[in-house]
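Here's a quick briefing to read alongside the fold. Have the structure open and follow the topics in turn.

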Amino acid sequence: MTNARGVDGEKGKRKKAAFGESERTKMNEKALADAAGLTEYGHEYAEVLLFTPAAWERKSGIWPVRAGTNVAKPEYKVGPKVIEWYSLHAVRSGRTRLAYGDASVELEKGDIFCLFPGVTYDYRIVHSESPLLLAWLAFDGEQAGHLLEIAGLTPRCPYVRSAYKGEAADTFDELIRHFRGSVHREGNGNGGYLRLVSLFYRLFEKLEAGKQTKETTQNEWVGRGEAFMRMHFTEGITVDDAAKHAGVSRSHFSVVFTRQMGIAPVSFLQRLRMEKASRMLRETGLPVTEIALSLGYPELYSFTRAFSNYFGQSPTKFREEGIIACAIP
């Protein structure tokens, strides 16, 4: 027989353990914040640096707005909201989930993401063994969007993996340090502002250099996978086959292919087959079973199901409607 008091006691121990772990987490976050001299806010400890550019400074290709660093509390969440500027964020530690438009992505230490003006977004903490530490730089200017694009950041894909490292991370951190002096215009005239802007350009130079090294390789194997699917899609191949041909794992192939091509590889294969099927149904008199086998399907049923799901009607109905449409003067 189970001892109720023993069960309650065990539950109590677990609650105390969980409470103790939560308290230890809070203490660790507080210690990190105190060491960095951060101010406590509702869901974070942060340093926020605001910059007000002069009229002539706003005429430059890129000009600063704000910067800062933080230590997130366990309930940390920002948004959903829209901002007016571009805001570049580096994940220094921990994990966060970014939601933008109808998409979302989980990011970790070393990743960089950008909030674009006019796009609804939110981001929140994803609990992990490490605390969530972020740094950010907000800016605007006629060249801002172009600089972000050459660094691999667009509204459709507003993040880059493993970009906050090496010289790019050093420049990011130097920008924030320089922000502190420039915010108060510490007697350095225009020189401080010019140094700040030059660091922005240097940051994008380093981000682009890192992107080129990484994406050159990615472009090569994504291209190999795409060419393989275009050549052999009628032979019953799978995404696994394409990934093996490209020389990477299926999961990595799917993620990068989707990001670069704007469509998942399984959907890309399906589109190739369905486009070919529709042409064969409209332009040839081949039996539907023969078309199914010609496209690599093992039998008629699997082809009919795939076709009906894609076009909303059976292959036979699709062919009939095409014939009727051609017959109408």
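Let's start at Ser254, which has its place in helix α6. Keep in mind that this is a predicted model. Overall, the protein has 10 helices and 11 strands, and buried residues make up 42% of its 329 residues.

- Is Ser254 buried or exposed? Its relative accessibility is 19%, and the cut-off for buried is under 20%, so Ser254 counts as buried.
- Leaving aside residues up to four places away in sequence, Ser254 touches Val239 and Pro265.
- Val239 belongs to the α5 side of the α5/α6 contact, while Pro265 is one of the buried residues of α7.

**Helices α5 and α6**

- Helix α5 covers residues 239-246 and helix α6 covers residues 250-261; they pack at an angle of about 90°, with their axes 9 Å apart.
- Angles of 65 to 115 degrees count as roughly perpendicular, and α5 and α6 are therefore roughly perpendicular to each other.
- On the α5 side, the contact is made by Val239, Asp240, Ala242, Ala243 and Ala246; α6 brings Arg250, Phe253 and Ser254.

**Helix α7**

- How far apart are the end C-alpha atoms of α7? They are 27 Å apart, which agrees with the 27 Å that the 19 residues of this helix (265-283) should span at 1.5 Å a residue.
- The buried residues in α7 are Pro265, Phe268, Leu269, Leu272, Arg273, Met274, Ala277, Ser278, Met280 and Leu281. Note that Arg273 is on that list.

**The seven-stranded sheet**

- Here 7 strands form an open sheet with antiparallel pairing, and the order is β1-β2-β3-β10-β5-β8-β11.
- At the edges you'll find β1 and β11 (159-160), each of which pairs on one side only.
- A hairpin takes the chain from β1 to β2 through 3 residues. Strand β1 (residues 39-40) pairs with β2 in the antiparallel sense over 2 bridges, and Glu40 stands opposite Tyr45 in β2.
- On to the β2 and β3 pair: β3 spans residues 63-72, and the two strands are antiparallel over 7 bridges.
- Two places to look along that pair are Tyr45, which stands opposite Val71 in β3, and Leu49, which stands opposite Ala67 in β3.
- Why call β2 (residues 44-50) largely enclosed by the rest of the structure? Because 5 of its 7 residues are buried.
- One thing to bear in mind while looking: in a regular strand, side chains alternate between the two faces of the sheet.

**The four-stranded sheet**

- The other sheet to look at is open and antiparallel too, with 4 strands in the order β4-β9-β6-β7.
- Its edges are β4 (77-81) and β7 (103-108); each has a single partner strand, so one side of each is left without a neighbour in the sheet.
- From one strand to the next, the twist averages 20°.
- Strand β4 runs antiparallel to β9 (residues 121-126), and 3 bridges join them. Val78 has Tyr123 in β9 as its bridge partner.

**Whole-protein numbers**

- Among contacts in the protein with a separation of 6 or more, residues 24 or more positions apart account for 71%.

Definitions and conventions. Residues are numbered from 1 along each chain as its sequence is written. This is a predicted model: local features need pLDDT of at least 70, side-chain atom pairs count only at pLDDT 80 or more; totals for chains, interfaces and linings use all residues. Side-chain values use heavy atoms; hydrogens and water are left out. The expected span of a helix is 1.5 Å times one less than its number of residues. Buried means under 20% relative accessible area, exposed over 50%, partly exposed in between (1.4 Å probe, protein chains only). Two strands pair if DSSP finds at least two bridges between them. Axes are lines fitted to C-alpha atoms, for helices over the stretch in contact, and angles run from 0 to 180 degrees between N-to-C directions. Contact means heavy atoms within 4.5 Å. Angles under 35 degrees count as roughly parallel, over 145 as roughly antiparallel, 65 to 115 as roughly perpendicular and the rest as oblique.
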